[in-house]
Every structure is written in structure tokens, then in C-alpha cells.
Amino acid sequence: MNSPDTVLVVDDDAGIRELMASALRFAGFEVHLASDVPQALDHLSRHTPDVIVLDVGLPGGGDGFDVLQLIRSRGNTVPVLFLTSRDAIEDRVRGLRLGGDDYVTKPFSVVEVGARLHALIRRARGSAGAADDGVLRYADLELDERRHLVRRGGERVDLSPTEFRLLRFLLSHPGHVMTRSQILEAVWQYDFGGDSVVVERFVSNLRRKIDHGREPLLHTVRGVGYSLRRPAS
């Protein structure tokens with residue numbers, strides 16, 4: 001019998017922690033809880049969960065962003081889903097730029113959270129498969145699947161796990177216009193119910209990293225989606 005997937009829920013609201021714990025255990029997860037930054041870091045020093053639910057606003061000498069930065073600085077690619085306030089757009093943007101993989105806004109559906117966590121774990125385990133030779137290339141852009149490495153013009157480009165999967169998807173369809181729905185299904189493996197903001201944020205981050213100061217390769221097709229291609233001459 002396979003062991004259940006583990007999730008660490010980090011939130012200072014006892015009601016939210018207990019609600020999440022009950023719902024996620026029912027969804028098949030082994031659930032661990034932390035109420036502040038020290039508890040979260042202590043748990044992570046001893047165990048690496050399959051996925052983390054991380055509230056942005058936390059007590060204890062820091063916040064959710066600090067926890068995420070420490071996780072990523074250690075080379076840990078565990079998927080992280082942020083909990084944010086509905087009107088805190090800047091928090092969502094910052095979380096994605098720091099290497100967060102997804103977010104939900106409060107108030108939220110615990111059923112939706114469970115579905116998103118399962119999808120994040122599937123993605124992290126590489127369910128999409130690898131290129132035949134492990135390398136995808138277009139123009140001077142190169143993605144090495146096996147080494148989890150991206151280079152543009154021979155220079156390394158550091159991407160978050162989700163940015164890496166997004167680029168891989170676009171590199172698998174060079175010259176094609178990929179709709180937001182196609183990207184959501186392929187990269188996130190579930191439907192956001194029409195909310196494509198997360199796609200726009202990740203594309204913006206990716207464009208900033210791979211196109212800055214270089215020939216632009218990532219293009220927006222207004223009202224349709226995005227395309228990885230060289231500029232029209």
C-alpha cells in the first residue's frame with residue numbers, strides 16, 4: 001500500500017488550520033500543521049512534505065515570503081501554494097516571483113485547495129514526461145530536462161519549478177499560439193474556472209527572465225494566448 005502524500009499547512013488562524021486538516025485528511029493527505037514561521041522552519045528542518053500550503057501573513061519573525069525564500073535557497077523544489085487575501089494582488093505577484101507555484105484567495109473552497117494540491121504533486125513528479133533526448137532547443141534558448149537547466153545564449157537562466165514547466169510546454173510547441181486554457185491544462189493540470197491571471201503573471205515573469213536585453217521570443221497574441229517564436233522580420 002502506498003504511503004499518503006504529505007502536506008504542511010502553515011497558517012496562524014487555528015480555525016483555518018483545523019478546517020484544512022480535516023478536509024485534506026478526508027482527501028487522502030497526511031497533514032502536518034504549523035502556526036508561525038519558527039514552527040514551519042522547525043518542521044522543514046526535519047521533514048520535507050510533498051506539498052506546502054503557506055499563508056502570506058504569519059507571526060514569528062517573518063512571513064510566508066521569508067519561508068518560501070529559505071526553502072528555495074536550499075534548493076528545495078517542493079510545490080508551494082500560497083493563501084492570500086482577495087484584494088492583495090501585490091502579494092500574489094510577489095509570491096509567484098519568489099518561486100511559489102500557485103495561490104488561492106481567502107475565502108476559499110477546501111475542495112478546490114485539495115484538487116490544486118494533488119495537481120501540484122502530479123506536476124512535481126514529472127507526469128508530463130521528458131523530451132526524447134532530454135533537451136529542447138529554439139533559437140539560442142535551451143532547456144535541459146534531465147539537468148533541470150535553462151540557458152539563453154549560453155548563459156544560465158534561473159527559473160522556478162512552475163516557470164520551468166511553462167517554458168517546457170511552450171518549447172514543445174514552437175511557433176504555435178497556445179491559449180490560456182491549453183496552458184492551464186498542460187502546466188497546472190486543472191481548470192482555474194476562467195481565472196487566467198496566474199498564467200499572465202507567470203508568462204510575465206518568464207518573459208522578464210528569458211527575453212530581457214535579448215531578441216524577444218515570448219510573444220502575446222492579444223485575446224488568444226502566447227507563442228514562442230522569433231519576431232517577424
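Helices α6 (residues 161-171) and α7 (residues 180-188) pack with their axes 10 Å apart and at an angle of about 125°. This is a predicted model, in which local features need pLDDT of at least 70 and side-chain atom pairs count only at pLDDT 80 or more. Residues are numbered from 1 along each chain, and side-chain values use heavy atoms.

Me: Are α6 and α7 parallel or oblique to each other?
Reply: Axes are lines fitted to C-alpha atoms, for helices over the stretch in contact, and angles run from 0 to 180 degrees between N-to-C directions. Angles under 35 degrees count as roughly parallel, over 145 as roughly antiparallel, 65 to 115 as roughly perpendicular and the rest as oblique. The angle here is about 125°. The two helices, α6 and α7, are therefore oblique.

Me: Is D55 buried or exposed?
Reply: D55 is in strand β3 (residues 51-55), strands being DSSP runs of E with at least two residues and helices runs of H or I with at least four. Buried means under 20% relative accessible area, exposed over 50%, and partly exposed in between, with a 1.4 Å probe and protein chains only. Because its relative accessibility is 5%, D55 counts as buried.

Me: Which feature does UniProt place at D55?
Reply: UniProt annotations may be inferred rather than shown by experiment. For D55, the unreviewed entry gives "modified residue: 4-aspartylphosphate".

Me: How far apart in space are S35 and H173, C-alpha to C-alpha?
Reply: S35 lies in the loop between β2 (30-34) and α2 (37-46). In sequence, S35 and H173 are 138 residues apart, and their C-alpha separation in space is 43 Å.
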